[in-house]
Amino acid sequence: MLTELESRLADVLGAALPAPFGGRVRRRGAAPPNGAGPVVRLGVEAYSPLEPDLFSARPETGAGAPSLRRVVRLRVRVGVDVTTDPPGDRLGLLAGTDALLFALQAPEVRSGRALLAPGDQGFRLDSLELLDVGDDDPAVLLEAVGWFWPVGVAGQDGRAIVRALVREVRLPVRLTLGGPLVAGGAGVACDLVLGATGTADVTAGATTSAPFGELALHLLDAGGGPGAGSLDTPASPTGTQVVASVDARDAGAGTTFTYVPPATAVREQLVVLARAGEGADARTGMELARFDLVVTP
């Protein structure tokens, strides 16, 4: 993580700096380069957690491993110092600082692309920027922003996706009521018509089209809880959440169900959702349409 960042940054700067500083960049605490000459030292000064993008703390796929791994999002400060030979050479220190400033302003360094290397690096940077430097700070102060993880830690493997069902619906989705909705009255036949429908069945790289199959119908009250009325379809028991089979129509596809009003006047919503799969593998998907149902006294 931070160790790998220091090592890789030292290698990149060592290759980018001109003589006499090129090849003489080392991490703090590491053995000095052979021979006389200036030495450029760098090391992590501080770090702080980085607010995840859109508050997401999900695992990520980083370089060096195809599977998802847990990452630490950090903002890291790295200080870089120049030691002259002989020590205290002001002009030599200024020359080293000049070389560092110019090398660190290269676009590929500022974006972090220059630090990319094959394999599991332990980090991936979004940016590497210069910061203001005070009297007591290193000659150059940097801020690196990105993801960090321990090298060699295995990712999270899950079941391979071998089949996917993709529902397709094109608006309009039209709801037609067979009569008025009256509190305490009889159930009303309702017809739900979809403009155009279909299923894309993707299995091991092959894609085929299939009939639409089913929809999920949910009845909700104003607060998002179960509605006061009930829904009835041949495909499932009566309730506020039912499954409706979709049949082919001249204009596309649709389904018919019955809405049974409650004993008192109410306003509730019918939510139409995609549904795919069969039995234990059945899944309810995205919302396709929403309609207000107003029951009068």
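Leaving aside neighbours within four places in sequence, glutamate 143 is in contact with Arg75, Val76, Arg77, Ser127, Leu128, Glu129 and Leu131. The model in which these contacts were computed is a predicted one. Glutamate 143 belongs to strand β5, which covers residues 140-148. Its relative accessibility is 17%, and glutamate 143 therefore counts as buried, the cut-off for that class being under 20%.

Strand β5 also takes part in the packing of helix α1. The buried residues of this helix pack against β5, against the strands β1 (25-27), β2 (39-49), β3 (72-83) and β4 (123-131), and against helix α2 (90-104). The residues of α1 concerned are Leu5, Glu6, Leu9, Ala10, Val12, Leu13 and Gly14.

Of the 297 residues in the chain, 38% are buried. The protein chain exposes about 16300 Å², and 55% of this area is supplied by carbon and sulfur atoms. When contacts between residues at least 6 apart in sequence are considered, 62% of them join residues at least 24 apart.

Four of the strands form an open sheet in the order β12-β9-β15-β16, and their pairing is antiparallel. Strands β12 (241-245) and β16 (283-295) lie at the edges of the sheet, each pairing on one side only. On average, neighbouring strands of the sheet are turned by 25 degrees against each other, with direction ignored. Within the sheet, β9 (residues 214-220) and β15 (residues 266-276) are joined in the antiparallel sense over 7 bridges. In this pairing, leucine 219 stands opposite leucine 270 of β15.

A further position of interest is proline 180, found in the loop that runs between β6 (163-177) and β7 (188-203). Proline 180 counts as exposed because its relative accessibility is 65%, and the exposed class begins over 50%. In sequence, proline 180 and valine 295 are 115 residues apart, while their C-alpha atoms are 8.0 Å apart in space.

Key: Residues numbered from 1 in each chain as written. Predicted model: local features only at pLDDT ≥ 70, side-chain atom pairs only at ≥ 80, totals over all residues. Heavy atoms only, no water. Pairing = 2+ DSSP bridges. Helix = DSSP H or I, 4+ residues; strand = E, 2+ residues; numbered from the N terminus. Axes fitted to C-alpha atoms, helices over the stretch in contact; angles between N-to-C directions. Buried < 20%, exposed > 50% of the residue type's maximum accessible area, 1.4 Å probe, protein only. Contact = heavy atoms within 4.5 Å. Areas by Shrake-Rupley, 256 points an atom, 1.4 Å probe, with all protein chains shown as cover.
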